[in-house]
Amino acid sequence: MYDVNSSRAEEFISHEEILETLDYAEKNKTNEVLIDQILNKARLRKGLNHREASVLLACELEDKNKEIFELAKKIKHEVYGNRIVLFAPLYLSNYCVNGCVYCPYHFQNKHIPRKKLTQEEIIKEVTALQDMGHRRIALELGEDPVNNPIEYVLESIKTIYGVKHKNGSIRRVNVNIAATTVENYKKLHDADIGTYILFQETYHKESYERLHPKGPKHNYCYHTEAMDRAIEGGIKDVSIGVLFGLELYKYEFAALLMHSEHLEARFGFGPHAISVPRIRKADDIDPSAFDNGIDDETFLKIAACIRVANPFAGMIISTRETKECRSKLLELGISQISGGSKTSVGGYAEPEEEDSSQFDISDTRSLDEVVEWLIENGHIPSFCTACYRVGRVGADFMKYTKNELIHNFCTPNALMTLKEYLEDYAKPHTKIIGQKLIEKEFAQLDSSPTKKALAENLKLIAGGKRDIKF
Ligand code: SF4
Ligand code: SF4
């Protein structure tokens, strides 16, 4: 029985409710009156529920689909402005006891080198990341109570925050580890993590159990209820996502929104961010073994419909996507991307070993090339980490996004962190076009005390001061 407030996975992600939703969406995919009503509701920025959003995803009317894409662009611009936050994944260990059939780190893969970074190696990785200009990282580890216990994760977080190299520092450590206990989430919260990230992979229980045949991750309910425990443990920013390609995308889409609605109903705030990864080729993994792959056009529509349905959650894509696809996705609502990523353990300090990567990267450009490309395409590359460091998290953060006020922080913070990047890390051409962008964006800001303070701060940064934030 569907119950958005329930703490039981099978009730807040009800299979029956999803099937009824898909049926409803299919019956209404050319119902122009209903689609117009839903679009009008979405224009009010109040979000859509999973049924309404599923109708938009199923919509087969060409002109209405155009309207969906236009609205996604508009919402993105009005809520977040044109900043794009940059981050990098940091792989600490690829030991894993799980048997996820789509991931090369599954325990039965005997020809992938297993590696776990020591604290000294983590310092080298973080130094290399700081030399690139990164400020925000996402920790990635397999699940292995012996090799990757929570103590190892906590010690590594402390090490990462402690590395201060030249003008660099990692200011936000987001953590992607397996579903765990409330007690462990409390420990992560006390270690000052930014966002807790956990992808559902698939919300379809039967497929989930088949795709995770071995290990603790096999337990669908424990995994699906992880975000509830994380929030009970004090973590206010959580990031959800599915791995598109494992199951039918319309099913995943409806369930993803139901998960978001559940968190909002139970805790008063939804996910801080939603990720949209797609399955990729990797060692021992052939994506054609999964017959639910989606083409670029469908993928773009999913992103647009998520943005329209949930205007307040950040949206993240990784270097799994090609430059061309990332370019289109940025317009439709993506607010965060990875840049210059390595997906192997120890890949930043040492040349990457192809066969220890978690998946193949489609966008192999350096961070500076990504920054240059963003600037040339009218986006502000941002290394901002301000919100959680000044306590704008959870419901408080949502208050700002829902009132469309967050860009008042995002844009000045983006310009200041870009300025830091240009001063310390940018190549000559990036520096020139970056400085021009800062001047242009600054001129467009309304006169306000913030603008005055920003002018001062930009001067301070040019003079050597770092880590100023609104
Ligand atoms: Fe392990 Fe995560 Fe890969 Fe599954 S997806 S095998 S849990 S690293
Ligand atoms: Fe993100 Fe907050 Fe910075 Fe905006 S101001 S980029 S929401 S951390």
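Author: Cys and Tyr count as nonpolar, Lys as charged, and Gly as polar. The model discussed here is predicted.

Reader: What makes up the shell around ligand 1, by class?

Author: The shell has 4 nonpolar, 4 polar and 1 charged residues. Cys-96, Cys-100, Cys-103 and Tyr-105 surround ligand 1, and Cys and Tyr count as nonpolar. Asn-98, His-106, Gly-142 and Gln-358 are also around ligand 1; their residue types count as polar.

Reader: Why are H5 and H13 called oblique to each other?

Author: H5 (residues 62–80) and H13 (residues 296–309) pack at about 55°, with axes 8 Å apart. Roughly parallel needs an angle under 35 degrees, and roughly perpendicular needs 65 to 115. The pair is therefore oblique. The crossing is left-handed.

Reader: Which residues of H5 meet H13?

Author: Asn-65, Ile-68, Phe-69, Leu-71, Ala-72, Ile-75, Lys-76 and Tyr-80 do. Their partners in H13 include Leu-300, Ala-304 and Arg-307. This contact divides into 10 nonpolar, 1 polar and 3 charged residues.

Reader: How do you know how H19 is oriented to H20?

Author: H19 (residues 428–444) and H20 (residues 449–462) pack at about 160°, with axes 11 Å apart. Angles over 145 degrees count as roughly antiparallel, so H19 is roughly antiparallel to H20. Their crossing is left-handed.

Reader: What meets what between H19 and H20?

Author: Ile-438, Phe-442 and Ala-443 in H19 meet Lys-451, Leu-454, Ala-455 and Leu-458 in H20. By class, that contact has 6 nonpolar, no polar and 1 charged.

Methods
Residues numbered from 1 in each chain as written. Chains lettered and ligands numbered in written order. Predicted model: local features only at pLDDT ≥ 70, side-chain atom pairs only at ≥ 80, totals over all residues. Heavy atoms only, no water. Axes fitted to C-alpha atoms, helices over the stretch in contact; angles between N-to-C directions. Helix = DSSP H or I, 4+ residues; strand = E, 2+ residues; numbered from the N terminus. Left-handed = near helix turned anticlockwise from the far one by under 90°. Contact = heavy atoms within 4.5 Å. Near = heavy atom within 4 Å.
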